[in-house]
Structures are given as structure tokens and as C-alpha cells.
Amino acid sequence: MKNAPWARALLVALATGILSAASAQAENKGSLSMVTGGITSQPIGHYEFCQKYVSECDIRSKLTPPPRVTEYGWQVVRDVNKEVNSTIVAMTDLEVYGKDEVWEYPKTAGDCEDFVLLKRRKLMERGFAVSDLLITVVRKPDGEGHAVLTLRTNEGDFILDNLSDDVKLWTDTNYTYLKRQASFNTGRWVSIEDGRDVLVGALK
């Protein structure tokens with residue numbers, strides 16, 4: 001991690017000193033960034049993950065505007081998403097571990113949460129801030145629960161998903177967004193106020 005500061009400079013340009021510009025962009029982007037609510041319950045799988053990886057669940061960050069991701073940074077994001085999707089075999093926790101709700105870094109196989117954990121770690125190793133890489137719980141149109149990784153940017157919140165090699169804006173997915181890690185504390189979770197018109201149609 002000696003090159004982390006250098007890598008971060010290449011990947012992410014923080015909006016420090018241009019808060020007014022960031023605010024103007026936020027107004028123009030509107031719903032491209034999720035609206036989060038108050039503290040909510042932590043998924044049991046993440047709670048148990050935190051018992052094993054204590055240091056990963058006690059990282060506190062200052063609230064900052066979403067960063068600008070460079071062209072090179074976007075290529076890294078796309079590469080990591082495709083790499084993990086192609087190298088890890090999708091299997092249920094019951095198939096891999098013999099029980100449900102196990103959140104773990106996968107070696108060869110895992111379920112949606114495991115894909116998210118690995119992508120998150122790989123992007124952190126490449127210089128992205130932990131406060132911008134948020135484990136997110138959603139509901140698929142069929143009602144099944146699912147986990148994806150949210151990347152905060154000044155262009156909106158983007159989704160890395162083991163069900164797609166494309167990195168999409170959250171508004172371009174057909175999921176109902178329920179909750180995600182808090183950007184200010186990796187051990188806390190906040191609700192997501194998902195009021196998009198597209199979801200109304202998806203749930204009819």
C-alpha cells in the first residue's frame with residue numbers, strides 16, 4: 001500500500017475546495033445519488049463478518065462530497081467488476097459453507113455478498129476510499145434479496161453487481177434499494193429512501 005496516495009491521486013479527484021460546484025452538480029444530478037435516511041439494522045451476515053474482521057468494521061470517515069472518478073479510475077472499476085464476476089463461481093452459502101448468511105472473502109466461489117466484499121477490497125487496494133465503496137442491500141423484482149456494491153461519485157451512485165458486467169447508475173437498475181453501509185462508519189448502516197418512478201413500474 002506504499003503507492004496508495006499516488007494511486008488515489010490517479011483514480012479519484014476529491015472535490016475539496018469546490019463545494020459550491022459540487023452542490024450545483026448535486027442539484028443538476030438530482031436522483032442520480034441515493035437519498036439515505038437514518039441508522040438502520042445491520043444485516044446479520046455483516047454483523048458476524050465484523051466479529052471476524054473487527055478492524056474493517058470500525059473505520060470512521062469524515063463526510064465529504066462524492067469524488068470525481070478519472071477516466072483511468074473508471075477503467076479500473078470496470079476491470080475489477082468483470083474480473084471478480086469471471087473468476088468467482090456463484091454458489092449459495094449453503095453450498096459453500098453448509099449454512100446460510102455467511103459473509104466471507106471468496107477464493108473460488110461465493111454468493112452475492114462475497115462478490116461485493118472482494119470487489120470492495122480490490123478497489124480499496126487500487127486507491128478508492130472506503131467511504132465511497134458501500135455494501136448495499138436491494139430487493140430484486142422477484143422479491144429475492146440481493147447485495148451489490150455502490151460506488152459514490154460526483155456523477156451519481158454506480159452499481160457493481162455479480163449479475164452484470166456493466167457498471168450502471170443505480171437508477172438504471174430494476175432493484176428496490178433498501179439499505180447500505182454508512183459512508184461515515186463501516187460498521188453502521190443507513191436506510192435508502194428509494195422513490196424512483198422506475199421502481200413503481202417494476203413493483204406493479
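The salt bridges in this predicted model, each defined as a side-chain nitrogen of Lys or Arg within 4 Å of a carboxyl oxygen of Asp or Glu, come to a count of 6. Because the model is predicted, local features need pLDDT of at least 70 and side-chain atom pairs count only at pLDDT 80 or more, whereas totals for chains, interfaces and linings use all residues. Residues are numbered from 1 along each chain as its sequence is written, and side-chain values use heavy atoms, with hydrogens and water left out.

| Salt bridge | Closest N and O atoms |
|---|---|
| Glu 104 and Lys 52 | 2.7 Å |
| Asp 132 and Arg 152 | 2.6 Å |
| Arg 180 and Asp 157 | 3.2 Å |

The salt bridge between Glu 104 and Lys 52 links distant parts of the chain, with Glu 104 in the loop between H5 and E5 and Lys 52 in helix H3 (residues 44-52), 52 residues apart. Helices (H or I, at least four residues) and strands (E, at least two) are DSSP runs, numbered from the N terminus. Burial is read from relative accessible area, with buried meaning under 20%, exposed over 50% and partly exposed in between (1.4 Å probe, protein chains only). On this scale Glu 104 counts as buried at 12% relative accessibility, whereas Lys 52, at 56%, counts as exposed.

Asp 132 forms a salt bridge with Arg 152, and this pair too links distant parts of the chain, Asp 132 lying in the loop between H6 and E6 and Arg 152 in strand E7, 20 residues apart. Asp 132 is buried, with a relative accessible area of 3%, and Arg 152 is buried as well, at 10%. Arg 152 is also one of the residues touched by Ser 183, the others being Ser 61, Leu 63, Ser 131 and Leu 134, when residues up to four places away in sequence are not counted; contact here means heavy atoms within 4.5 Å. Ser 183 itself lies in the loop between E10 and strand E11 (185-192) and counts as buried at 17% relative accessibility.

The salt bridge between Arg 180 and Asp 157 joins strand E10, where Arg 180 lies, to strand E8 (residues 156-161), which holds Asp 157, across 23 residues of the chain. Arg 180 is buried, with a relative accessible area of 6%, and Asp 157 is buried at 2%.

Strand E10 (residues 176-182) also contains Lys 179, which is buried yet has no salt bridge, the nearest side chain of opposite charge, that of Glu 101, being 9.6 Å away. Leaving out residues up to four places away in sequence, Lys 179 touches a set of residues including Thr 40, Pro 43, Ile 135, Trp 189 and Val 190. Glu 101 is placed in the loop between helix H5 (93-97) and strand E5 (109-110), is partly exposed with a relative accessible area of 34%, and has a positive phi near 60 degrees although it is a residue other than glycine.

Leu 178, likewise found in strand E10, counts as partly exposed at 33% relative accessibility. Beyond its neighbours within four places in sequence, Leu 178 is in contact with Val 137, Val 138, Arg 139, Ser 191 and Ile 192.

The buried residues of H6 include Cys 112, Glu 113, Asp 114, Lys 119 and Arg 120. H6 is followed by Gly 127, whose phi is positive, near 115 degrees.

For the protein chain as a whole, there are 7 helices and 11 strands, and buried residues make up 48% of the 204 residues. Among contacts between residues at least 6 apart in sequence, 63% join residues at least 24 apart.

Definitions and conventions
Lys and Arg count as positive and Asp and Glu as negative; His and the chain ends are not counted.
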